[in-house]
Amino acid sequence: MKTLEELKAIREKMQSQVSMRGEDHARTRILVGMATCGIASGARPVLNKLSDLVQENHMTDRFSVTQTGCIGLCQYEPIVEVLEPGKEKVTYIKMTAEKAEEVYKEHLIGGHVVQNYTLSSADIK
Amino acid sequence: MYRSHVLVCGGTGCTSSGSQQIMVKLRDELGNQGLSEEVSVVQTGCHGLCALGPIMIIYPDATFYAMVKEEDIPEIVSEHLLKGRPVERLLYNETVTPNGIKALSDTDFYKKQHRIALRNCGVINPEEIEEYIGTGGYQALGKVLTEMTPDDVIQTLLDSGLRGRGGAGFPTGMKWKLAKQNDADQKYVCCNADEGDPGAFMDRSVLEGDPHALLEAMTIAGYAIGASQGFIYVRAEYPIAVDRLKIAIAQAREMELLGDDIFGTGFSFDIDLRLGAGAFVCGEETALMVSIEGNRGEPRPRPPFPAQKGLFGKPTILNNVETYANIPQIILNGPEWFASMGTEKSKGTKVFALGGKIHNTGLVEVPMGTTLREIIEEIGGGIPNGKKFKAAQTGGPSGGCIPTEHYDIPIDYDNLLSIGSMMGSGGLIVMDETDCMVDIAKFFLEFTVEESCGKCTPCRIGTKRMLEILDKVTKGQAKPEDIDRLEELCYYVKANSACGLGQTAPNPVLSTLKYFRDEYDAHIYDKKCPAGVCKALLSYYIDADKCKGCTLCARNCPANAITGSVKNLHVIDPEKCIKCGVCMEKCKFGAVYKK
């Protein structure tokens with residue numbers, strides 16, 4: 001390594017990984033339901049997709065992606081909850097990796113909730 | 001790309017409680033459950049809570065598992081890492097609250113800490129240079145080499161108010177300035193990693209947890225004073241630290257962060273290791289350099305000071321590991337940032353190794369000026385078994401005891417000196433009412449007698465005579481005039497010894513004489529040890545009201561000193577009793593007492 005640019009490049013590559021190891025109460029938490037029901041309906045690819053997107057785009061200091069248990073709406077799994085500090089919780093249902101990517105771009109980055117996928121748009125009786 | 005990182009402590013504390021096996025088991029189990037691609041296992045340095053090892057922290061949710069056992073691993077993997085349900089019974093109990101799991105940074109142990117020197121310890125893998133770079137590593141070196149002159153660097157350190165963390169507290173910037181002023185064809189940058197105070201392990205943790213911070217800071221020092229070679233003098237008793245330093249040096253050379261023409265600036269610097277063979281005196285700066293030169297580690301008189309004539313007769317700076325660990329952060333964040341922490345004359349933070357009678361044995365880093373009470377009661381979790389605080393020992397064999405009356409003194413270099421102790425490297429040993437202060441003084445003096453190099457007479461013979469007097473005190477054979485003699489010897493050894501070892505060796509005696517004179521008097525006049533430690537001065541008795549005649553004590557006594565029959569009072573024969581305390585330990589009715 002002979003230049004500061006090379007150092008900077010390594011830093012940027014590693015930063016997203018290392019900054020995952022912090023506790024920042026201001027981060028938006030993204031919870032993926034990974035109980036038996038969630039896993040059975042395909043929550044793992046959703047979890048991995050979201051986690052990869054956040055890291056690839058160096059967003060670990062803004063978002064943390066973790067699993068959570070069953071929230072009791074097993075027929076709507078895979079479920080993803082977005083908890084932004086100071087805002088109301090948004091619950092997405094019947095997620096797939098593709099839908100997760102859309103939620104990442106539109107909601108997490110763009111700030112617009114993807115209404116079509118939310119629990120409130122589903123017809124619950 | 002991994003969605004979760006499992007950090008397992010690979011420091012000396014957790015390694016000895018089995019963290020290496022935990023990592024093997026964890027990797028196996030992740031493989032078994034098909035999670036190897038999603039979860040990474042990272043070996044880190046010390047997290048500080050050594051009492052609770054092996055320690056495991058899972059990110060991104062920052063869940064803290066304490067005292068992890070191999071058989072717990074399958075459950076942690078299937079419940080937590082797969083399904084996201086923390087295994088509550090294995091969590092650090094401070095983080096478990098009725099309202100859910102508390103963040104680690106909100107626990108009493110971590111809340112008041114401020115980590116600068118330990119900032120990467122327990123966060124990064126010390127064996128991967130990329131992880132260090134990912135947290136901003138080698139940025140300070142880049143900045144120094146491309147944007148600052150050597151004088152700028154030295155001025156930054158002077159402005160920051162950083163003082164040597166090895167004990168004496170000499171201003172680091174001043175040391176560098178003196179070395180820079182002396183022209184020579186060769187200069188050296190040395191690091192004192194010969195941490196030898198009993199109970200101190202701050203430097204070891206930095207070496208094990210963040211070795212690149214040291215390499216970066218030494219390279220910065222080389223640029224500032226005009227040196228091209230550095231030496232790290234590390235004790236051979238730190239095998240993990242030595243391994244990680246070797247790995248770190250090899251990686252830094254590979255990346256050309258050590259070697260010729262660093263960052264294409266024309267500046268060249270390299271670092272080599274020298275292992276100490278376990279002599280305490282080699283922590284003294286002149287003895288350390290004599291030892292690096294390949295000679296027997298003995299101090300030599302100063303002046304000339306190392307900044308003029310040090311290693312191989314060339315201008316040399318020698319700083320302690322913790323001092324170096326602060327420097328990259330000072331360069332990056334500015335001297336004002338560092339000077340905003342601490343007290344008027346002691347800036348920044350200090351790492352303390354908590355040991356002795358305290359709940360949270362381990363490593364803490366707090367701003368200078370934190371009180372002893374805060375460190376012991378709040379961060380350290382207080383004294384176990386409901387015992388009362390009696391004194392804290394700082395500065396190891398060179399320091400002294402701080403009694404209850406100074407419990408609320410803000411800890412910094414000058415305050416500690418004013419009460420007869422010293423900062424030292426940061427060992428902090430807590431003592432409760434069951435510790436005898438004469439015995440403590442004797443312990444430290446035994447250490448210095450053993451470690452005195454023997455070159456100068458006051459230290460070689462003076463400390464030995466002092467120890468003999470202390471031995472008489474603990475056996476109840478001392479006369480009142482012995483204490484005067486002891487005090488006289490203390491001042492003589494202090495004033496006439498050749499190096500820091502002898503000059504400070506009497507401190508444990510002087511400080512206990514100052515604050516706990518009554519305990520010395522009790523040993524001499526009453527022939528009693530108030531704390532019940534000095535064996536020669538106590539006897540064991542059986543309380544007639546409490547003894548049920550169960551015969552347990554008599555059956556366990558190794559000297560057959562207890563007589564008595566079933567359901568009848570037992571009696572200890574003082575002639576036969578060897579004062580081992582087994583009867584007291586075994587009695588279920590609390591009938592055995594000593595006085």
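In what sense do strand β13 and strand β15 of chain B pair, and over how many bridges? Hi everyone, let's start there, and please keep in mind that this is a predicted model. Strand β13, residues 389-394 of chain B, and strand β15, residues 427-432 of chain B, pair in the antiparallel sense, over five bridges. If you want one pair to find on your screen, take Thr394(B), whose bridge partner in β15(B) is Leu428(B).

Now step back to the sheet. It is an open sheet of five strands in chain B, in the order β12-β11-β15-β13-β14, and the pairing is mixed. At the edges stand β12 (362-367) and β14 (400-403) of chain B; each has a single partner strand, so one side of each is left without a neighbour in the sheet. On average, neighbouring strands here are turned by 30° against each other, ignoring direction.

Next, two helices. Helix α8 of chain B covers residues 172-181, and helix α10 of chain B covers residues 211-225; their axes come within 8 Å and cross at roughly 45°. Because of that angle, α8(B) counts as oblique to α10(B). On the α8(B) side you'll see Trp176(B), Ala179(B) and Lys180(B), which meet Ala221(B), Ala224(B) and Ile225(B) in α10(B). By type, that contact has five nonpolar residues, one charged and no polar.

Last, where do the chains touch? The contact takes 31 residues from chain B and 28 residues from chain A. On the chain B side, β1 (4-9), α5 (129-134) and α6 (139-147) each supply at least two residues, and α5(B) gives the most, with four residues. That side of chain B divides into 15 nonpolar, eight polar and eight charged residues.

How values were computed. Residues are numbered from 1 along each chain as its sequence is written. Chains are lettered from A and ligands numbered from 1 in the order in which they are written. This is a predicted model: local features need pLDDT of at least 70, side-chain atom pairs count only at pLDDT 80 or more; totals for chains, interfaces and linings use all residues. Two strands pair if DSSP finds at least two bridges between them. Axes are lines fitted to C-alpha atoms, for helices over the stretch in contact, and angles run from 0 to 180 degrees between N-to-C directions. Angles under 35 degrees count as roughly parallel, over 145 as roughly antiparallel, 65 to 115 as roughly perpendicular and the rest as oblique. Two residues are in contact if their C-beta atoms, placed from the backbone, lie within 7 Å. Ala, Val, Leu, Ile, Met, Phe, Trp, Tyr, Cys and Pro count as nonpolar, Asp, Glu, Lys and Arg as charged, and the others, Gly among them, as polar.
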